[in-house]
Protein chains: 2
Amino acid sequence: MSTGPGSPIRRTSLVDEIVGRLQREIVDGRLAPGQALPSERELAEKYGVTRASLKQALVRIEEVGLIRTRHGVGSIVQDVQQDGGADLLKYLAPPDGSRDFLFLREILEARCFIGGAIARLAARRRTRKHLAELEQALQELERRRDDPKETQRLENVFVRALGRACGNKVFNFVTNSVSAAYKLDLATYAAPFRDGAWVAAQLRTIQEAVGDGDEAAAGAATEAYFDECGRRVLAQARAGARR
Amino acid sequence: MSTGPGSPIRRTSLVDEIVGRLQREIVDGRLAPGQALPSERELAEKYGVTRASLKQALVRIEEVGLIRTRHGVGSIVQDVQQDGGADLLKYLAPPDGSRDFLFLREILEARCFIGGAIARLAARRRTRKHLAELEQALQELERRRDDPKETQRLENVFVRALGRACGNKVFNFVTNSVSAAYKLDLATYAAPFRDGAWVAAQLRTIQEAVGDGDEAAAGAATEAYFDECGRRVLAQARAGARR
DNA sequence: GAGGTATAGTGGCTCAGCCACTGGGTCACT
DNA sequence: AGTGACCCAGTGGCTGAGCCACTATACCTC
């Protein structure tokens, strides 16, 4: 975990703290699905806060689908695996510095397949405008591929352009949720971008397949790229944890 | 919109109402990204509620990522397209009875591709246990394929089993978010299940490909199935809107 | 038994108010 | 000019006490 001069000091609000605790109780299974939470009055007393503050925490937890609150009855823990939405992913991520890489692996795998789907659609729908966007980002990346920071930024530009090119906003939102789930060290996340030439070559392959309208090739190239990116991130994460 | 005896009378809470109004203002663009909301005191007065109630609404809206609230500053509308998560989808869905089918088409398309990814992974990881689950659901569906209600239920069982078989929880959550986005008439949603024999045949193809460990075939069969399902749902939705 | 009717416990919502944070301004000092 | 200390108006954070609305249940009446 980086603690450079740029990182702001931690200042958690009361509500955030309560949300965190309750969320952990539920995710870790100490509060099982179907079970009722203690009453708001009880919980408020237990945490030493007002009902108003506690209520805000419950409202947030309900919004992501961890509990369901009913007037006159109480709050019941929901079955996360059954009904949880993608925004839950950020709550399920293991804490920083954890050695649990299973979750990270799943996230990266999902990212890989979703990326493939986006590329296939982009190849199907390719328009002059979107191809130009991709080409522009790519050319700039090829120029600046020796600067890892810029490589990372421009790769992001390229991937976002690909998302627009696929002509389906839904994938945009899905990608955001999945991406939000890996809260990684910057160095870990940046691992693939140290090799700018490789990134540029991969994206070039993708861009050409999309330009040719070759769905299968575009999908395969994108999956291969994200797959290898995932490998490198995972390797870096493991290396970081060993320190 | 069905208003049968089963549908409970509408009883919206104050907070729900506020969330709905603010959410529409933002999604429809009357409150632009980067713009600040009026202060909580102002908004509370405007809606004729207490700050506590208004605050609950703001907390929920912030949780899904539509706004960002900062102490001493205020609430700023976020750029949904840029940063929004998948749980936003349920807020973006056009109101019931709308003739805007573009969004529905995108949702169904995403569902189709995600289903394909799940099937490919299921074929890659096939285990005896999961194959047995699929087979059981399928056999029961084949027995009861003349009952649309049962066909629908068992298709859901099969698809969920496929989700477990893919060995990646992330897709589970993504699927839930995407599915939550289409709030359709029951009749519309049930359209594909009127043809139980067709459904059974499709799922049988999928099951066999998964059992063979043939990733490409499993993915293709599943995409084809969801694609056709989407077509039928869309056709039904259009027919329903013309009434 | 069937159908009312109290009642205890729950969440929904209000009211009034103080505290903490932010950003922008003023002003004295360098 | 630039810098830092300070003030202050406006904003969200949080409190405490309280009443109302809803739900389930146990009991009572017929």
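Chain A has a mean pLDDT of 90, and 94% of its residues reach 70 or more. The exception to note is the stretch of residues 1-8 of chain A, where the pLDDT is below 50. Beyond near neighbours in sequence, residues 1-8 of chain A have 6 contacts in the model. Where pLDDT is low, predicted coordinates should not be read in detail.

Chains A and B meet through 32 residues from chain A and 32 residues from chain B. On the side of chain B that touches chain A, at least two residues come from each of helix 3 (51-63), helix 4 (80-83), helix 6 (102-125) and helix 9 (169-181) of chain B. Helix 9 of chain B provides the largest share of that side, 10 residues. Sorted by class, the side of chain B that touches chain A holds 16 nonpolar, 8 polar and 8 charged residues.

Within chain A, helix 2 (residues 40-47) packs with helix 3 (residues 51-63), the axes lying 9 Å apart at an angle of about 105°. Angles of 65 to 115 degrees count as roughly perpendicular, and helices 2 and 3 of chain A are therefore roughly perpendicular to each other. Helix 2 of chain A makes the contact with Glu40(A), Arg41(A), Leu43(A), Ala44(A) and Tyr47(A), while helix 3 of chain A contributes Arg51(A), Leu54(A), Lys55(A) and Leu58(A). This contact comprises 5 nonpolar and 4 charged residues, with no polar ones.

The DNA strands come next. Around DNA strand C there are 21 residues, of which Ser39(A), Leu14(B), Thr50(B), Ser53(B) and Gly72(B) are the closest. Both protein chains take part: helix 2, helix 3 and strand 2 (74-77) of chain A, and helix 1 (14-27) and helix 3 of chain B, each supply at least two residues of the surface near DNA strand C. The largest share, 3 residues, is from helix 3 of chain B. By class, the surface near DNA strand C has 11 polar, 6 nonpolar and 4 charged residues.

DNA strand D has 21 residues around it, and Leu14(A), Ser53(A), Gly72(A), Ser39(B) and Gly72(B) come nearest. Here at least two residues each are supplied by helix 1 (14-27) and helix 3 of chain A, and by helix 2 (40-47), helix 3 and strand 2 (74-77) of chain B. Helix 3 of chain A gives the most to the surface near DNA strand D, 3 residues. That surface divides into 11 polar, 6 nonpolar and 4 charged residues.

Technical notes:
Residues are numbered from 1 along each chain as its sequence is written. Chains are lettered from A and ligands numbered from 1 in the order in which they are written. This is a predicted model: local features need pLDDT of at least 70, side-chain atom pairs count only at pLDDT 80 or more; totals for chains, interfaces and linings use all residues. pLDDT is the predictor's confidence in each residue, from 0 to 100. Two residues are in contact if their C-beta atoms, placed from the backbone, lie within 7 Å. Helices (H or I, at least four residues) and strands (E, at least two) are DSSP runs, numbered from the N terminus. Ala, Val, Leu, Ile, Met, Phe, Trp, Tyr, Cys and Pro count as nonpolar, Asp, Glu, Lys and Arg as charged, and the others, Gly among them, as polar. Axes are lines fitted to C-alpha atoms, for helices over the stretch in contact, and angles run from 0 to 180 degrees between N-to-C directions. Angles under 35 degrees count as roughly parallel, over 145 as roughly antiparallel, 65 to 115 as roughly perpendicular and the rest as oblique. A residue is near a molecule or strand if its C-beta atom, placed from the backbone, lies within 6 Å of it.
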